[in-house]
Amino acid sequence: MALSSSSFFSTLNTTSSLPHFHAPKLSSSSSHFPTTPTTTLLPQSHKWRAKVSFFTSFLKKGKDAKIIKEELLQAIALLDRGADATLQDQQTVDQIASELEEVSPIKEPLKSNLLDGKWELIYTTSQSILQTKRPKLLRSVANYQAINVDTLRAQNMESWPFFNQVTADLTPLNPKKVAVKFDTFKIGGIIPIKAPGRARGELEITYLDEELRVSRGDKGNLFVLKMVDPSYRVPV
């Protein structure tokens, strides 16, 4: 977890379209209509592809959140929180996350107590949080983010080897999105340093249930987190 001021989780913080098949047009003459309409038939292979495409679309629409969550967790399982993700991996994860966002059971997450508590980051596209420019031995083993809706407070935390932290005030912009103003960094989790005024960002919570959260930052980064401690309270 980087402690820059570029975004909420950075500072603390294609869709593959199915082929479209057009209906064949009736042939006609410039001077009169034919007595028997003629049609242009699709080749057998095109018919098969059209049926497969329709069936695939039908299956996707019929998925529930549980199935999509399993697909998402499977897709990110071997990516080292995103550090080992290729561009294709990122596109695949983003597509599955988008499907999950469409079936979120909580439409106004900032009004839900399911948001409260300490979350562990299990995937992100933010290279500053993943610290990919550092040797692996100097990267945080784990990253956490805590939010308390009642106090509108948030906190980002790194684990070993540095244990850096930062706290922030939240201002709701709509039922899903907050503006973030960071107030105090803690180096090593101990030494407090006042955050500069430019340390601001935004975060949108796009999927929420009792065990998983998907968020998107103002810099376009994707974050997937799992709940680890619903009772955790952010320092005021």
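**Exercise 1.** State how many helices and strands the protein chain of this predicted model has, and give their order.

Solution. The protein chain contains 5 helices and 9 strands. Read from the N terminus, the elements follow the order α-α-α-α-β-α-β-β-β-β-β-β-β-β. As for burial, 40% of the 236 residues in the protein chain count as buried.

**Exercise 2.** Determine how helix H3 and helix H4 are oriented and which residues form their contact.

Solution.
1. Two packed helices are described by the angle between their axes and the distance between those axes.
2. For H3 (residues 65-76) and H4 (residues 87-102), the angle is about 160 degrees and the axes are 9 Å apart.
3. Angles over 145 degrees count as roughly antiparallel, so H3 is roughly antiparallel to H4.
4. The crossing of H3 past H4 is left-handed.
5. On the H3 side the contact consists of Ala65, Ile68, Lys69, Glu71, Leu72, Ala75 and Ile76; on the H4 side, of Val93, Ile96, Ala97, Glu99 and Leu100.
6. Sorted by class, the contact of H3 with H4 has 9 nonpolar and 3 charged residues, and no polar ones.

**Exercise 3.** Describe the largest nonpolar core: which residues touch the most other members, and which elements give two or more residues?

Solution.
1. This core has 22 residues, and those touching the most other members are Leu115, Leu170, Val178, Val180, Phe182 and Phe223.
2. Two or more residues each come from strands S1 (117-124), S4 (165-172), S5 (177-187), S7 (200-208) and S9 (222-229).
3. S5 gives the largest share, 4 residues.
4. Another core, of 17 residues, lies apart from this one; Ile68, Leu79, Val93 and Val214 are among its members.
5. Of these, Ile68 in H3 and Val93 in H4 also take part in the contact of Exercise 2.

Definitions and conventions: Residues are numbered from 1 along each chain as its sequence is written. This is a predicted model: local features need pLDDT of at least 70, side-chain atom pairs count only at pLDDT 80 or more; totals for chains, interfaces and linings use all residues. Side-chain values use heavy atoms; hydrogens and water are left out. A nonpolar core is a set of buried Ala, Val, Leu, Ile, Met, Phe, Trp, Tyr and Cys residues joined through side-chain atoms within 4.5 Å. Buried means under 20% relative accessible area, exposed over 50%, partly exposed in between (1.4 Å probe, protein chains only). Axes are lines fitted to C-alpha atoms, for helices over the stretch in contact, and angles run from 0 to 180 degrees between N-to-C directions. Angles under 35 degrees count as roughly parallel, over 145 as roughly antiparallel, 65 to 115 as roughly perpendicular and the rest as oblique. A crossing is left-handed if the near helix is turned anticlockwise from the far one by less than a right angle, and right-handed if clockwise. Contact means heavy atoms within 4.5 Å. Ala, Val, Leu, Ile, Met, Phe, Trp, Tyr, Cys and Pro count as nonpolar, Asp, Glu, Lys and Arg as charged, and the others, Gly among them, as polar.
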